[in-house]
Amino acid sequence: MATGERIPATLIPGDGIGPEVTKATVDVLDALGAPFEWETQAAGMAAVDATGDPLPQSTLDSIRRNKLALKGPLTTPVGGGFRSVNVRLREEFKLYANLRPAKTIIPGRYENIDIVLVRENIEGLYVAHEYFVPVGDDPRAVAVSTGVNTREGCRRIARYAFDYAVKNGRKKVTIVHKANVLKALTGIFLEAARDVAKEYAGRVEVDDRIVDACAMQLVLNPWQFDMLLCTNLFGDILSDQLAGLIGGLGMAPGANIGDQAAIFEAVHGSAPDIAGKGVANPVSLLLAAAMMLDHVGKQDLGNRIRNGIQATLLEHNVRTRDLGGTASTTEFTSALIKRL
Ligand code: ATP
Ligand code: MG
């Protein structure tokens, strides 16, 4: 890519603390001279308020055009029969891979954590064919949910994980499942992933864990893990656990990747309890922006963000409240920009 070339990208500020952490991130990217040309679009509650639709057509069109987006957390309105906006976005653009790296910056309960979680993003129990069965006069006496995993989908996410391992010098992929109980739904995942792993023999090690044991091992000895390859629901749960190992949700970035588009986001949600107070930690979304820079081949800029964050937190000791500091979102952002 020629220097100076601008890269159009969709920007979705989102709900709750979304606009605060998005502004911080865009300010940092601007200060860095990042090549993104933002197209700001609404989704979530912000879009319901403006248009009545949590996922307006213009937002979808923008992402389809740019194939690249940075997104704040989105709230799906409760009631009104809206499906999760995040899930709809993943399905719409077939963003089958959710990449969630967890790396210690500030040593806390744990040190030297460096685990990359790859979560299948459009199958499993998240497909959510859910319904109630009436019994007697109770219309919701029985709840039923069915999950769907396809061999093709399992192989695709496994291949993504192993390719990532090869490209990024990772040594081992641990397949996470519950094939002893959910023999079909997660058995197929284990089987397909083991199958794909054979193509990487000698390059990437493979092993597997039952999800409950994996959760315990992540507390007792997280350093045994290099990459985790998870079904949709298990990946959702374990990625919050990983965030806990590295100082909380304020430190955890994520990328939703497919062949048609890539959407970068923080792992955390809209955090309504601290929204509008100016205290949110922007690091998750900043690290997501660094992943976005890597994605467009600007690893040098991505590294500058990561190094800058590390220096701001460790050398300058400027930290938001969730990390035990006193800095506001803007104070942290200014300190980071100054450092850059
Ligand atoms: P949602 O329904 O949108 O997921 P939530 O109530 O589950 O919202 P999360 O955003 O998932 O909230 O976060 C859980 C808790 O972690 C929040 O109560 C919040 O205090 C804290 N938290 C999350 N993100 C951040 C952040 N960036 N900075 C500081 N604290 C955060
Ligand atoms: Mg949440």
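## The shell around ligand 1

By class, the shell around ligand 1 has eight nonpolar, seven polar and two charged residues. Nonpolar here covers Ala, Val, Leu, Ile, Met, Phe, Trp, Tyr, Cys and Pro; charged covers Asp, Glu, Lys and Arg; the others, Gly among them, are polar. In total, 17 residues surround ligand 1. A residue is near the ligand if its C-beta atom, placed from the backbone, lies within 6 Å of it. The closest are His268, Gly269, Ser270, Ala271 and Asn281.

This is a predicted model, where local features need pLDDT of at least 70, side-chain atom pairs count only at pLDDT 80 or more, and totals for chains, interfaces and linings use all residues. Residues are numbered from 1 along each chain as its sequence is written, while chains are lettered from A and ligands numbered from 1 in the order in which they are written.

## Two domains

The chain splits into domain 1 (1-93 + 260-340) and domain 2 (96-250). These bounds come from an automatic or database domain assignment. The C-alpha centres of the two domains lie 24 Å apart. Their contact takes 15 residues from domain 1 and twelve residues from domain 2. Contact means C-beta atoms, placed from the backbone, within 7 Å.

On the domain 1 side, α4 (85-92), α9 (283-295) and α10 (299-314) each supply at least two residues. Helices are DSSP runs (H or I, at least four residues), numbered from the N terminus. α10 gives the most, with four residues. This side of domain 1 has seven nonpolar, five polar and three charged residues.

Methods:
Contact = placed C-beta atoms within 7 Å.
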